[in-house]
Amino acid sequence: MKSKLLTIILLSSILTYASEHGIYLLTNKSVSGSISEIQKTIVDNAAKNGFKVLNSIPIHTPDYIKKDSKDLCGFKAHLIILTSQEYLNTLTSYGSKYLIAGFLRVGIYETPQGTNVIITDPETINRIVFNDLYENDKQNLYNEVIAKTKILKVKLVGFLHNSVAGEKVQKNMEPIRDNDDLAESSKDMFMMVGPLTLFNDEDQFPKIYSEENKNGLEGLKNLKSEFVKNLETFQPSEDDKNYRYYKNEDDLKWKIVSEIESPKKDAILLGITRPQTESVSFNISGSAREKKGDLCPGIDHLTAYPIEILLIQEGNNLNVYTQKEMHRMDMYFWDAGMSAFMNHMSMPAILDESIKKALLGKKFIEE
């Protein structure tokens with residue numbers, strides 16, 4: 001009875017503020033205990049709440065790329081990547097390409113006021129991922145997906161509220177957009193990024209590789225194994241190495257930190273990240289908010305990672321897709337502002353090339 005009441009209260013609260021949606025949702029403030037203790041509690045309680053833990057890893061804060069000790073914040077951050085079979089079944093029932101939304105991400109990060117827990121809001125993500133339905137005159141299907149996602153969101157928030165101490169909240173965190181902008185894939189930065197959609201504009205979620213595949217899931221797994229080997233031998237380009245400071249070359253190595261197979265056995269979703277890109281992006285996103293005593297506020301965007309790579313069988317071909325990094329940065333870091341995007345205009349293209357080169361190895365063709 002208490003569980004049903006909590007669900008009703010949570011759903012009512014979420015629906016009350018349904019016109020605005022943050023990419024991130026703060027769920028717990030000023031949580032007692034260490035990050036290690038908090039993440040262990042979440043991981044230990046995940047299965048009994050219907051979630052599967054894909055990984056639980058430290059995330060690199062802006063301190064990682066700062067040379068001067070006086071600029072260090074000293075705060076730590078941790079990422080937990082979850083999913084659920086029920087959620088994956090829901091996503092892929094509309095098509096395996098929507099497996100791209102399969103990662104549920106929980107972040108734990110330190111602030112001057114204490115330790116917080118945040119999630120990437122699955123409702124906001126799906127309002128973007130599925131907006132091709134809305135724009136292709138399938139508004140009923142779009143609304144159906146969002147309604148189902150709200151139920152999942154209530155479950156996820158309830159799980160964190162019940163598992164983690166501290167003040168229980170539901171606060172939309174920047175970037176924040178409204179219903180219409182998300183459904184209609186409005187441009188956040190006119191002429192810079194283009195429409196905020198994955199599937200209605202092929203420039204935003206491009207195919208980076210294709211090969212004939214008649215072996216189904218086995219072929220997908222074989223290509224994934226190739227990617228794993230390529231990542232191990234990857235050597236970053238001079239542009240990649242010269243873009244920003246890094247401590248050693250391993251900081252520029254991409255690593256697969258999460259993986260999901262489609263219930264339909266026709267797609268695999270990989271999540272990749274690397275230390276230098278994490279720390280640089282958080283440093284950029286928080287730079288305008290820095291103040292004495294809080295020198296890396298951008299770590300509240302830690303659940304922007306990992307970066308999604310989709311391997312999918314389409315007809316007789318095995319195709320590989322990933323978001324353009326300019327589009328992905330707009331999606332997760334829009335609130336950094338126009339000046340931040342202008343000051344780091346070369347970063348997205350460098351990352352696009354780095355990711356393709358790292359995954360494809362000798363099959364990489366420079367554009």
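**Exercise 1.** Is cysteine 73 buried or exposed?

*Solution.* Keep in mind that this is a predicted model. Cysteine 73 has a relative accessible area of 16%. Buried means under 20%, so cysteine 73 is buried.

**Exercise 2.** Which cysteines form a disulfide, and which parts of the chain does the pair link?

*Solution.* Start with the idea: a disulfide is a covalent bond between the sulfur atoms of two cysteines. Next, check the distance: the sulfur atoms of cysteine 73 and cysteine 296 are 1.9 Å apart. The cut-off is within 2.5 Å, so cysteine 73 and cysteine 296 form a disulfide. The count comes to one disulfide. The link is right-handed, with 65° about the S-S bond. Finally, find both ends: cysteine 73 lies in the loop between strand S2 and strand S3, and cysteine 296 in the loop between helix H10 and strand S10. These distant parts of the chain are 223 residues apart.

**Exercise 3.** Which residues gather in a patch of negative charge on the surface, and how accessible is aspartate 178?

*Solution.* First, list the members: Glu20, Glu135, Glu174, Asp178, Asp180, Asp181 and Glu184. Strand S6 (167–178) and helix H7 (179–183) each supply at least two residues of this patch. Then zoom in on aspartate 178, which is found in strand S6. Its relative accessibility is 32%, so aspartate 178 counts as partly exposed.

Definitions and conventions
Residues numbered from 1 in each chain as written. Predicted model: local features only at pLDDT ≥ 70, side-chain atom pairs only at ≥ 80, totals over all residues. Heavy atoms only, no water. Patch = residues over 30% accessible without salt bridge, like charges linked within 9 Å, V, L, I, M, F, W, Y side chains within 5 Å. Areas by Shrake-Rupley, 256 points an atom, 1.4 Å probe, with all protein chains shown as cover. Salt bridge = Lys/Arg side-chain N within 4 Å of Asp/Glu carboxyl O. Lys, Arg positive; Asp, Glu negative; His and termini not counted. Charge placed at Lys NZ, Arg CZ, Asp CG, Glu CD. Helix = DSSP H or I, 4+ residues; strand = E, 2+ residues; numbered from the N terminus. Buried < 20%, exposed > 50% of the residue type's maximum accessible area, 1.4 Å probe, protein only.
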